[in-house]
Amino acid sequence: MSDVAPAARLPQEWLEEMSELGQPRYRAEQVFRWIHQRGELDPNRMTDLPAELRRLLSERGLRPEAEILRVERADDGTRKLLVGFPDGGRVECVLIPMTRLAEIDADASAGDDDESETETEPGPVQDSPQASSPVRVTLCISTQVGCAMGCVFCASGRAGLKRGLRADEIVSQVLLARRELEAGEDIKNLVFMGMGEPLHHYDETARALRLLTHPSGGGMSPRRITVSTVGLVPALERLGRDFGGKVGLAVSLHAPDDATRETIIPMNRRYPVAVLVQALRDYPLPRRRRITIEYTLIDGVNDRDAQADGLATVLRGIPVKVNLIPMNPVEGSPLRASPPERVEQFQSRLARAGYSCFVRTRRGSGVNAACGQLALAPELVALGRNPARTSS
Ligand code: SAH
């Protein structure tokens with residue numbers, strides 16, 4: 001029997017399983033579809049399977065494990081889901097409806113092909129869209145319970161790393177989030193920008209990507225998926241090789257020089273700016289696609305004119321778009337966002353240097369769902385307790 005968790009198996013592995021169970025080959029595809037297309041993990045509800053096979057699947061450990069423990073809704077329609085696993089591990093994921101203004105912003109990132117926008121470029125709340133126009137939703141998912149990277153401006157790593165998620169646990173966030181969609185909403189983009197460092201946990205992340213993009217599974221185009229990384233170079237190279245550059249890439253650069261970057265991102269000591277930037281140059285990006293450079297603007301730390309100019313210099317020649325994120329407040333941290341004039345000045349310097357550059361406005365902050373605010377709150381760490389599901 002495969003040691004891969006049942007819900008994390010790829011079709012080929014299901015074929016092997018079916019052959020071990022003495023079942024016809026087509027059952028493999030059937031079960032795979034039940035899980036990834038219909039989000040059904042309870043064999044007893046897979047109504048077109050023979051009772052014997054349902055029993056065998058249950059016996060071999062196929063069962064729903066992840067559950068939504070809480071949904072919090074911000075005024076802008078953003079919903080933060082708390083997802084729990086049987087061992088008490090908890091992660092958060094965030095559904096972010098794209099407002100119309102956001103889509104205009106996204107279009108303004110000219111040069112990308114139409115399908116390529118995988119970032120949320122949110123704007124102010126819009127009036128409710130017509131029933132006829134589907135609402136594109138971006139789903140932000142987590143890959144680890146906690147995080148080991150220790151970036152000083154981010155809440156997710158405060159309590160360190162508890163554990164990585166298995167591929168099926170990563171995917172379960174998508175399956176569960178689908179159930180929370182409102183009329184007319186559709187998950188268009190998936191971003192690996194929740195808790196954790198996806199490339200610190202490469203094998204499970206890569207398997208999750210395969211499950212999500214398999215035509216009989218999640219069926220998502222890899223172009224609609226963006227993996228965000230602090231810059232773990234060897235895994236970044238692997239991602240490029242394994243997926244031919246088709247999966248969108250976002251890199252948390254946050255400073256153009258080692259002296260600054262080191263003070264906010266410990267991992268910079270292992271992979272300094274020059275090494276990381278070279279890996280971006282080498283990433284097998286398809287034509288007309290761009291790498292997203294994430295840059296959290298922190299007052300007095302990385303928001304000087306000289307740093308904007310430095311950024312323009314180090315990125316020269318790489319197809320990128322720059323996402324500026326005024327730092328979201330993190331409890332207990334003295335660091336804060338650059339003032340709006342600084343943000344504007346930083347943006348216009350980059351724009352003048354020829355970069356397309358957006359300011360990512362805050363979404364979901366009323367429920368602490370903005371970038372860097374997904375944290376291991378005490379109740380998330382409390383193992384084994386299932387807080388009652390609430391919807392606020
Ligand atoms: N580990 C991955 C993905 C997680 S965070 C990574 O580092 O890219 C997604 C983005 O939010 C990253 O660019 C991260 O640096 C940024 N971020 C973290 N804390 C933030 C904060 N307090 N304010 C604004 N952005 C933050």
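The stops below begin with the chain as a whole.

The model is predicted: local features need pLDDT of at least 70, side-chain atom pairs count only at pLDDT 80 or more, and totals for chains, interfaces and linings use all residues. Residues are numbered from 1 along each chain as its sequence is written, and side-chain values use heavy atoms, with hydrogens and water left out.

**Whole chain.** Display the cartoon: the chain has 12 helices and 13 strands, taken as DSSP runs numbered from the N terminus (helices: H or I, at least four residues; strands: E, at least two). Of the 392 residues, 56% are buried, that is, under 20% relative accessible area with a 1.4 Å probe, protein chains only.

**Helix α6.** Next, select residues 202–213. Which residues of α6 are buried? They are Tyr202, Thr205, Ala206, Arg207, Ala208, Leu209, Leu211 and Leu212.

**Largest cavity.** Finally, select Met193, Gly194, Glu294, Cys371 and Gly372, the closest to the centre of the largest cavity among its 43 lining residues. A cavity is a set of points on a 1 Å grid over the protein atoms alone where a 1.4 Å probe fits but cannot get out, and lining residues have an atom within 4 Å of a point. Strands β3 (90–97) and β10 (291–297) are among those that each supply at least two lining residues.

Notes
Buried means under 20% relative accessible area, exposed over 50%, partly exposed in between (1.4 Å probe, protein chains only). On a 1 Å grid over the protein atoms alone, a cavity is a set of points where a 1.4 Å probe fits but cannot get out, and a pocket is an open set with protein on both sides within 12 Å along at least five of seven lines; lining residues have an atom within 4 Å of a point.
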